[in-house]
Amino acid sequence: MREVPGAPGAPWDRELAGALDRIVVQSELLDGNPLGDPTRRPLYVYRPPGVEAGQGSGVPSVYVIQGFTGQLDMWRSRAAFEPTVIERIDAMFAAGACPDAVIVFVDAWTSRGGSQFLNSTSTGRYLDYLCDEVVPFVDQRYPTLDDRQHRGLSGKSSGGYGAMVVPMMRPDVFGALASHAGDALFECCYLPEFPSVARQLRDKFDGSFEVFHQRLAASPNFDFASFGKPVELYGYACAYSPDPDRPGEALLPFEISTGRLDDDVWALWLALDPVRMAPAHADALRSMRRIYLDAGRSDEAFLDLGAQAVADELARHGIEHTFELFDGRHGGISHRYPRGVRELVLALSA
């Protein structure tokens, strides 16, 4: 046996044809966030072969955002016998299957599990962080076309939710979107979980989210069966219905003791459902150069129905879009990411 220089190659460290710049950025907009979460954030910027930082003619950019509980280094995680998402995207560009573009992977993790890429008094200003800090940072340092007509947003699950609602709220920043199984049609994807979470809190955590969070913090491991659904639900509540009197905390859309719906709080959630947001933001959506939606037919959270409902609403308002169903569930669909990126880049390059 002898030592050889360089990385070992497949199936371990697979050499990219392009380059992945791993950067740390300091956010001013996240300073003083109510959870005390880090203001120094990692940022990945992928460049296809031949695209150099700060050099060359302008190319489009696509920003890719993560699902709930996602943190940036998970993009480099490998499932058995599969390439990582970054390797999949690199292979697409290396094969010449997509015009050149800069692909930006953004971290919006919070200690509640995520931010839904919204501004919230319970988590922080993550919508502003993405649009007003990350995007200008990239445009100043990479050969991107710094115009919404050449900038898109893509994601899956909660990232797919963000990919739908951020361009609605900030069409000045993003001019195209791709959503893979994005959270939508809240009565299908969220409401069915309320009774089971209420029962779990009653039976395991003294009917209290405060007790739940104490035990979660003291647990030596994150057991999804014990903690997963309450973490998700409370994290969503922090984004959709923050408690104005308790920074970092949320108003619940149901009574823990009975599971009975709180109509006033639930209305706050529904106001942020992409299906219900679309009519009021029809002009912004109509201005998008590309809207691409997809979902697996067997999605456990019924996000295939949510995607269909969004597509139907777009069609109702004469908004051009593409909607695809495929055979699959909610997990194991990382192979769909390059498709969404390519759909956006083709439109943004025109």
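This is a predicted model: local features need pLDDT of at least 70, side-chain atom pairs count only at pLDDT 80 or more; totals for chains, interfaces and linings use all residues.
1. **Pocket.** The largest pocket has a volume of about 1000 Å³. Its lining counts 37 residues. Nearest the centre lie Gly 67, Phe 68, Lys 156, Ser 157 and His 330. H7 gives the most, with four.

2. **Helix H1.** H1 spans residues 85–94, and eight of its 10 residues are buried, so the helix is largely enclosed by the rest of the structure. The buried set holds Val 85, Ile 86, Glu 87, Arg 88, Ile 89, Asp 90, Met 92 and Phe 93. Note that Glu 87, Arg 88 and Asp 90 are on that list. The cover over these buried residues includes strands S1 (19–26), S2 (40–47) and S4 (102–106), along with helix H12 (337–349). After H1 comes Gly 96, with a positive phi near 75°.

3. **Cores.** In soluble globular proteins, nonpolar side chains tend to be buried together. Here the largest nonpolar core has 55 residues. Phe 186, Tyr 240 and Trp 269 touch the most other members. H7 supplies the largest share of this core, nine residues. A second, separate core has 29 residues, including Leu 30, Leu 127, Leu 130 and Tyr 142.

4. **Trp 269.** Leaving out residues up to four places away in sequence, Trp 269 touches Phe 186, Tyr 190, Phe 194, Leu 233, Tyr 236, Ala 237, Tyr 240, Ser 241 and Pro 253.

5. **Tyr 46 and Phe 93.** The structure holds 25 aromatic pairs. One of them joins Tyr 46 and Phe 93: tilted, 5.7 Å centre to centre, 35° between the planes. This pair links strand S2 to helix H1, across 47 residues of chain. Tyr 46 is buried at 0% relative accessibility. Phe 93 is also buried, at 6%.

6. **Tyr 161 and Phe 186.** The ring centres of Tyr 161 and Phe 186 are 6.2 Å apart and the planes meet at 35°, so this pair is tilted. Tyr 161 sits in helix H3 (residues 158–169) and Phe 186 in helix H4 (residues 186–189), so the pair ties together parts 25 residues apart in sequence. Tyr 161 is buried at 0% relative accessible area. Phe 186 is buried at 0% as well.

7. **Aromatic cluster.** Tyr 161 and Phe 186 belong to one aromatic cluster that also takes in Phe 68, Tyr 190, Phe 194, Tyr 236, Tyr 240, Phe 254, Trp 266 and Trp 269. Phe 68 also lies among the residues nearest the pocket centre.

Conventions:
Residues are numbered from 1 along each chain as its sequence is written. Side-chain values use heavy atoms; hydrogens and water are left out. On a 1 Å grid over the protein atoms alone, a cavity is a set of points where a 1.4 Å probe fits but cannot get out, and a pocket is an open set with protein on both sides within 12 Å along at least five of seven lines; lining residues have an atom within 4 Å of a point. Grid points are joined across faces, edges and corners, and a volume is the space filled by probe spheres set on the points. Helices (H or I, at least four residues) and strands (E, at least two) are DSSP runs, numbered from the N terminus. Buried means under 20% relative accessible area, exposed over 50%, partly exposed in between (1.4 Å probe, protein chains only). Contact means heavy atoms within 4.5 Å. A nonpolar core is a set of buried Ala, Val, Leu, Ile, Met, Phe, Trp, Tyr and Cys residues joined through side-chain atoms within 4.5 Å. Rings of Phe, Tyr and Trp (its six-membered ring) pair if their centres lie within 6.5 Å; planes under 30 degrees apart count as stacked, over 60 as edge-to-face and the rest as tilted.
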